[in-house]
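Please keep the sequence and the structure in view while reading.

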Amino acid sequence: MGKVYVFDHPLIQHKLTYIRDKSTGTKEFRELVDEVASLMAFEITRDLPLKEVEIETPVIKATSKVLSGKKIGIIPILRAGLGMVDGILKLIPAAKVGHIGLYRDPQTLQPVEYYVKLPSDVEERDFIVVDPMLATGGSAVEAINSLKKRGAKNIKFMCLIAAPEGVEVVKKEHPDVDIYIAALDEQLNDHGYIVPGLGDAGDRLFGTK
């Protein structure tokens, strides 16, 4: 059964406050999202497997640990998810990056896949799907569906801010996926925005309206 992790680290909470603040400009917003993604990556990689190697320090030969080479894939949901990728790559530079593009059908309001480009060795990788917001859960569920139908076995979802409604939807549709959240907010409003939230993450990252 997938677990839900809500991070309470003081640095994450501090930076999130400025991410939420409507007076934070595009440049600073982008930098803060990048920094929080790095801090979250530190935690999301806690269970990466290690192996022992022999090295020589300036003092003596020693046995020490390195990553055992588990393959990681980072999958931003376009477009806002792009803002979290570099922060994760700073800690895991060997990770491959795929992309999943979704748009909302104006009639059904359901997410529709329009672009998918993944690493060729999907079945061998652990994937981290990233999107700043988990609101209704529709995009997250569809992105995870896209990965699973192409052979992905081990998937985690990571976001800055989530609404309880979205968390429940992902848990119901993908009970095997762990969810990592920097802040769990109060609710969704009538327009599907997270409250208190941070507004439209894509617009704030890229300076669009």
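## Helix 3 and its packing

In helix 3 (residues 82-89), the buried residues are G83, M84, V85, G87 and I88; buried denotes under 20% relative accessible area, exposed over 50%, and partly exposed in between (1.4 Å probe, protein chains only). These buried residues pack against helix 2 (26-44), strand 4 (72-78), strand 5 (96-97), strand 8 (126-130), strand 10 (154-162) and helix 6 (201-206). Helices (H or I, at least four residues) and strands (E, at least two) are DSSP runs, numbered from the N terminus.

## Basis of the model

The model is predicted: local features need pLDDT of at least 70, side-chain atom pairs count only at pLDDT 80 or more, and totals for chains, interfaces and linings use all residues. Residues are numbered from 1 along each chain as its sequence is written, and side-chain values use heavy atoms, with hydrogens and water left out.

## Surroundings of H174

H174 lies in the loop between helix 5 (164-173) and strand 11. H174 counts as buried because its relative accessible area is 3%. Setting aside residues up to four places away in sequence, H174 touches V141, I144, N145 and K148, where contact means heavy atoms within 4.5 Å.

The side chains of H174 and K148 are joined by a polar contact of 2.9 Å. Such a contact is a pair of N or O atoms within 3.5 Å; within protein, one must be able to donate a hydrogen and the other to accept it, and residues adjacent in sequence count only if both atoms are side-chain atoms. A polar atom of the H174 side chain also lies 3.3 Å from the backbone oxygen of V141.
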